[in-house]
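Subject: Structure for your review

Dear colleague,

Please find below the structure that I am handing over to you. I would be grateful if you kept it open while reading the notes that follow.

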Amino acid sequence: MPLYTLPTISRLSLLMYLLTVASSTYATNTDNITTDKPALDNKKFAACLDNLAQTGSFASVKDIFAQYRPTQADPSVLEALNYQPEFSKEPWDYLASLVDKERVLDGMAASDHYTDVLAKIESHYGVSRYDVLGVWGVESDFGTTLGKKDVIDSLATLSCFGRRQSYFRGEYVSALKILQQGDIIKSDFKGSWAGAFGQTQFMPSTFLQLAQDFDGDNRKDLVNSQADALASTANFLKNSGYQSNQPWGYEVRLPSGTNFANNRKNKHSISYWQGLGITLSDGSPLPSTLSSAGLFLPSGKQGPAFLVGRNFDAFYAYNASENYALAIAHLSQRIEQRDTNVNFATAWPTDDPGLSRKESSEVQESLNLLGYNIGAVDGIIGDKTRQAIQKYQADIDIKADGKAGKKIHQRLMASTAKLREAAKVQAKMNAETQAVANDNSQDTTQKPSDTKSSYGLSNLVENKTLLSILIGLLIALSVAIFINRKR
Ligand code: CA
């Protein structure tokens with residue numbers, strides 16, 4: 001769909017999506033950076049910024065533009081803009097890394113920790129706390145990965161180089177307005193290479209439309225305030241057609257022998273779907289908790305099937321991807337049910353399911369141990385890891401498709417079992433050596449004070465000796481004088 005036919009929010013979200021699909025692995029993972037950064041002409045950059053300063057939309061942010069005007073373009077953001085993933089991701093691969101056991105556990109902990117503010121947000125916006133948690137977990141791993149790129153430098157670069165410059169100029173002006181308003185301070189203004197920032201990764205223009213100050217300090221601080229960030233997400237969902245007190249949908253079982261089309265937009269009443277013989281995945285009748293629902297078949301006729309309602313569409317609006325919306329829906333439900341089993345009732349149509357972040361880390365560690373150097377282990381499978389898998393597959397004479405799934409994980413774990421054991425022993429020895437070294441250095445660091453006190457003591461002892469000698473000499477002198485006088 002052309003971007004300009006979409007309403008503003010979803011258009012921005014689609015762009016956010018297009019950009020963050022690359023950045024979600026890219027921003028946090030140098031793994032994907034396989035080429036040298038192209039040098040950018042900083043004279044051209046300066047001329048472009050001079051030109052921008054003259055345009056109407058920058059007039060309202062003239063001073064702040066000048067204050068934070070970068071002198072150098074950042075070539076890495078342009079490289080990210082042009083990044084085309086070499087390996088396509090199946091829905092099960094995509095879901096496996098975003099909804100794993102660890103993220104469900106972290107979500108349950110966040111739900112407990114922020115229970116008061118989540119309850120307030122739920123009653124104020126009419127958005128389920130679990131749906132807010134689902135977005136938070138997928139967008140920033142509950143506030144732990146916010147992105148490290150300077151938003152102003154990134155947007156200035158993207159305003160002057162590469163594709164979609166006019167879009168990024170709009171975001172640049174919005175970002176400067178945010179600084180001007182004092183909502184975000186410059187040193188906190190970091191995010192993805194495309195300018196999405198904060199705990200729920202808003203683009204600056206989305207921030208200006210929808211960000212909330214929920215903790216009442218007169219700043220919409222989506223970087224440091226969980227209350228502000230989570231309320232902003234609830235506000236976003238509410239503005240995207242979220243329906244209170246409705247589930248996003250549910251996994252269903254389709255009757256055999258009937259052909260169903262994948263079209264979540266083709267919505268019908270629940271009784272319509274009941275009439276077609278669809279039940280919940282455990283065979284029980286469909287509940288009438290959804291006003292209307294469409295059928296979503298992420299992997300076609302085979303694999304899990306879902307009936308999804310308006311709230312699923314609201315998740316979709318956040319990032320314009322059905323698999324993304326399913327990740328939020330799935331995470332939200334597992335957190336609510338406090339269920340760390342992340343499998344759907346119907347298995348994906350594959351004999352090689354996707355990897356959790358823990359398993360991805362194990363694949364990377366194993367490749368490193370076998371000498372396929374993939375660099376830092378971060379649990380995010382990018383092109384570099386897939387290329388290393390391809391090389392490994394070719395070396396052991398199996399199909400070299402670079403696929404990072406359960407099969408290659410098992411194979412790598414088996415072939416590196418001894419190496420990993422040895423690495424563990426080595427790590428333990430290193431830790432012990434380090435501990436001994438620390439003890440020794442503590443001894444050394446304690447020495448000055450020990451030495452000082454022993455100095456003090458020995459000084460005293462020495463002084464006493466000196467005093468005794470002096471007294472002795474005085475007595476001897478007095479005796480000598482006394483004897484002399486007697487003579
Ligand atoms: Ca605030």
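Is G300 buried or exposed? Please keep in mind that the model is predicted. G300 has 11 other C-beta atoms within 10 Å. A residue counts as exposed if that number is 12 or fewer, so G300 is exposed. This glycine sits in the loop between strand 6 and strand 7. Its C-alpha atom is separated by 8.1 Å from that of A261, although the two residues are 39 residues apart along the chain.

The overall composition

The protein contains 20 helices and seven strands. It has 487 residues, of which 41% count as buried. Among the contacts with a separation of 6 or more, 73% are between residues 24 or more positions apart.

The sheet

Strand 6 (residues 293-296) is joined to strand 7 (residues 305-308) in the antiparallel sense over three bridges. Within this pair, G294 is found opposite V308 of strand 7.

Helix 17

Helix 17 (residues 357-369) consists of 13 residues. From its first C-alpha to its last it reaches 18 Å, close to the 18 Å expected at 1.5 Å a residue. Which residues of this helix are buried? They are E359, S360, V363, Q364, S366 and L367. These residues lie on the same side of helix 17, because they cover an arc of only 160 degrees around the axis. The elements that cover them include helix 6 (91-98), helix 18 (383-395) and helix 19 (406-415). After helix 17 comes G371, which has a positive phi, near 90 degrees.

The nonpolar core

The largest nonpolar core has 107 residues. Those that touch the most other members are I121, V132, L230, F315, A327 and I328. Helix 16 (residues 322-337) supplies the largest share of this core, namely eight residues. At least three residues of the core come from each of domain 2 (42-239) and domain 3 (357-415). Leaving aside residues up to four places away in sequence, I328 touches G134, V135, V138 and F315.

Two residues with a positive phi

Most residues other than glycine have a negative phi. F142 is not a glycine, yet its phi is positive, at about 60 degrees. F142 is located in the loop between helix 9 (129-140) and strand 1 (149-150). With 20 other C-beta atoms within 10 Å, F142 is buried. The second residue is N218, also not a glycine, with a positive phi of about 65 degrees. N218 belongs to the loop between helix 12 (204-210) and helix 13 (226-239). N218 has 9 other C-beta atoms within 10 Å and is therefore exposed, whereas F142 is buried.

Yours sincerely,

A colleague

Key: Residues numbered from 1 in each chain as written. Predicted model: local features only at pLDDT ≥ 70, side-chain atom pairs only at ≥ 80, totals over all residues. Helix = DSSP H or I, 4+ residues; strand = E, 2+ residues; numbered from the N terminus. Expected span 1.5 Å × (residues − 1). Arc of directions from axis to C-beta. Contact = placed C-beta atoms within 7 Å. Pairing = 2+ DSSP bridges. Core = buried A, V, L, I, M, F, W, Y, C linked by C-beta atoms within 7 Å. Domains from an automatic or database assignment.
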